Amino acid sequence: MIQIKTPHEIELMRASGLVTAGAIAAVRAAVRPGVSTGELDAVAEDYIRSQGAVPNFLGYHGFTGTICASVNHEIVHGIPRPDRRLVEGDNISIDCGAILQGWHSDSAVTVTVGEPSAEDAALLDVTERSMWAGLAKAVAGGRLTDISHAVEGVITAESHPYGVVDHYGGHGIGTEMHQDPHVLNYGRPGRGPKLVPGLTLAIEPMVTVGDPATVELDDGWTVITKDGSRAAHFEHTVAITPEGPWVLTAEDGGAKGLAPFGITPRG
Ligand code: MG
Ligand code: MG
């Protein structure tokens with residue numbers, strides 16, 4: 001069932017989204033050679049609790065982290081560990097969420113430890129741009145797969161044959177982290193549920209340098225590329241409002257990312 005939020009509920013989700021934005025910013029600032037993914041997890045948890053919120057990943061189907069920390073060929077759902085230390089040149093996807101006053105938010109970024117190679121810089125750039133193209137389609141009057149199609153279009157427009165990860169994707173979000181509808185990162189436009197004000201979605205492309213086939217590790221969580229190629233993952237929670245998309249997990253409401261699409265969101 002798709003949960004439609006009132007304007008007041010979207011305000012509450014915005015407050016939750018700002019906690020998640022702050023947690024990701026804090027983790028990002030702590031990324032450096034030698035830091036462990038377990039230490040980064042503690043940074044996120046401390047920040048979220050300092051804001052009177054609760055991590056929504058922790059304990060989710062038994063997950064042991066506040067963040068998912070997915071390094072290099074790990075695509076999503078990497079488990080933070082004290083013995084997993086980052087080195088210069090690693091890419092780490094930091095996926096994080098919070099619950100504030102019962103409302104969930106969910107966001108992810110991929111960052112390079114130190115200076116990225118040209119290949120990594122291009123991978124992160126195309127993945128982030130595909131997310132913004134999807135967010136720009138979170139507009140009342142459209143259909144769900146307009147978002148999917150926009151995400152895919154950015155990725156397939158590149159001269160490098162990036163992989164778009166199958167099956168995994170975005171989702172509705174509200175009083176639960178994962179709600180209907182599922183949002184694939186590919187597909188034909190004009191299909192699926194109508195986009196209406198009050199619908200809130202997490203948009204999260206996952207892109208691989210090589211083949212997008214995935215394997216889940218024996219830990220029951222970590223999803224990696226089968227061919228060992230590197231992957232990137234970006235995510236924001238967005239509300240469809242009568243005035244357009246409002247990116248609840250972006251500090252600026254999405255102003256910078258949506259500007260190329262001629263969209264000025266609420267701050
Ligand atoms: Mg997430
Ligand atoms: Mg998500």
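Hi everyone, let me start at one residue: glycine 142 is buried, with a relative accessible area of 16%. Buried here means under 20% relative accessible area, exposed means over 50%, and partly exposed is in between, with a 1.4 Å probe and protein chains only. Glycine 142 sits in the loop between α3 and α4 (144-156). Its C-alpha atom is separated by 42 Å from that of arginine 81, 61 residues away along the chain.

A quick word on conventions. This is a predicted model, where local features need pLDDT of at least 70 and side-chain atom pairs count only at pLDDT 80 or more, while totals for chains, interfaces and linings use all residues. Residues are numbered from 1 along each chain as its sequence is written, chains are lettered from A and ligands numbered from 1 in the order in which they are written, and side-chain values use heavy atoms, with hydrogens and water left out. Helices (H or I, at least four residues) and strands (E, at least two) are DSSP runs, numbered from the N terminus.

Now the metals. Aspartate 95 counts as buried at 6% relative accessibility, and glutamate 235 is buried at 0%.

The magnesium ion (ligand 2) is held by Asp106 (OD), His171 (NE2), Glu204 (OE) and Glu235 (OE), at 2.1 to 2.2 Å. The donor spacing for ligand 2 is D-x64-H-x32-E-x30-E. Here histidine 171, in strand β7 (residues 170-172), and glutamate 235 link parts of the chain 64 residues apart. Both histidine 171 and glutamate 235 are buried. Aspartate 106 bridges the two magnesium ions, ligand 1 and ligand 2, which lie 3.1 Å apart.

On to the sheet that contains β7. An open sheet of 5 strands runs in the order β8-β7-β9-β14-β15, with antiparallel pairing. β8 (179-183) and β15 (244-247) stand at the edges with a single partner strand each, so one side of each has no neighbour in the sheet. Two strands pair if DSSP finds at least two bridges between them. β7 and β9 (residues 200-203) pair over 2 bridges, and glycine 172 has leucine 201 in β9 as its bridge partner.

Finally, the pockets. What is the volume of the largest pocket? About 670 Å³. The largest pocket is lined by 29 residues, with Arg28, Glu128, Met131, Trp132 and His236 nearest its centre. The largest share of that lining, 7 residues, comes from α3. The second largest pocket has a volume of about 410 Å³, and 22 residues line it, with Tyr60, His77, His171, His178 and Glu204 nearest its centre. Volume is the space filled by probe spheres set on the points, which are joined across faces, edges and corners.

How values were computed. Donors are N, O and S atoms within 2.8 Å of the metal (3.2 Å for Na, K and Ca); water is not among the atoms, so sites may look incomplete. On a 1 Å grid over the protein atoms alone, a cavity is a set of points where a 1.4 Å probe fits but cannot get out, and a pocket is an open set with protein on both sides within 12 Å along at least five of seven lines; lining residues have an atom within 4 Å of a point.
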